[in-house]
Amino acid sequence: MFFKHTRRLDHCGTSINNIINDNNVIGIITFPDTQITRLEGNQITGNGDNGIALEATTVEELLNNTIVNNKGGGIITNGDSSVNARNNIIAGNVGGIAFSLDPLGTLSPNLAYNDIWNNAQ
């Protein structure tokens, strides 16, 4: 699917093989307490803010996504987000990956085999 607007996810199982580009805002955004099974194979490019912004969200698998040339971070999490990110390309964004840590220290990201380069921060 091709989107010329922000893709909002609220309690969805999967978001696979979407092209989300050239928006003036965030590419993919979630609402608090969202449960996502898979974000896979998405091309998230040239957006006016973050590529992916997760708000108190659990993402079981965030894999094989291309997140490039966004004017915000590649992947940004806020609140109690739990993310398993593998095999993603995150490049040319203002920031690569930024996690807001859980104040109780109970959640942590699981990152493996991501190609993160040429981000400003």
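This is a predicted model: local features need pLDDT of at least 70, side-chain atom pairs count only at pLDDT 80 or more; totals for chains, interfaces and linings use all residues.
**Strand β11**

Strand β11 covers residues 73–78 and is mostly covered, with five of its six residues buried. Buried means under 20% relative accessible area, taken with a 1.4 Å probe and protein chains only. Strands here are DSSP runs of E, at least two residues long, numbered from the N terminus.

Next I checked its partners. Strands pair if DSSP finds at least two bridges between them. Strand β8 (residues 52–55) pairs with β11 in the parallel sense, over four bridges. There A53 has I76 as its bridge partner. Strand β14 (residues 95–99) also runs parallel to β11, joined by four bridges. I75 stands opposite I97 of β14.

**N119**

I moved on to N119, in the segment after β16 (115–117). N119 is buried, at a relative accessible area of 16%. Its C-alpha lies 8.5 Å from that of G74, though 45 residues separate N119 and G74 in sequence.

I listed its contacts (heavy atoms within 4.5 Å). Leaving out residues up to four places away in sequence, N119 touches I90, A91, G92, N93, V94, G95 and G96. The N119 side chain reaches the backbone nitrogen of N93 at 2.9 Å. It reaches the backbone nitrogen of G92 at 3.4 Å.

**Whole chain**

I counted zero helices and 16 strands in the protein. Of its 121 residues, 45% count as buried.

**Method notes**

Residues are numbered from 1 along each chain as its sequence is written, and side-chain values use heavy atoms, without hydrogens and water. Local features need pLDDT of at least 70, side-chain atom pairs count only at pLDDT 80 or more, and totals for chains, interfaces and linings use all residues.

Conventions:
Buried means under 20% relative accessible area, exposed over 50%, partly exposed in between (1.4 Å probe, protein chains only). A polar contact is a pair of N or O atoms within 3.5 Å; within protein, one must be able to donate a hydrogen and the other to accept it, and residues adjacent in sequence count only if both atoms are side-chain atoms.
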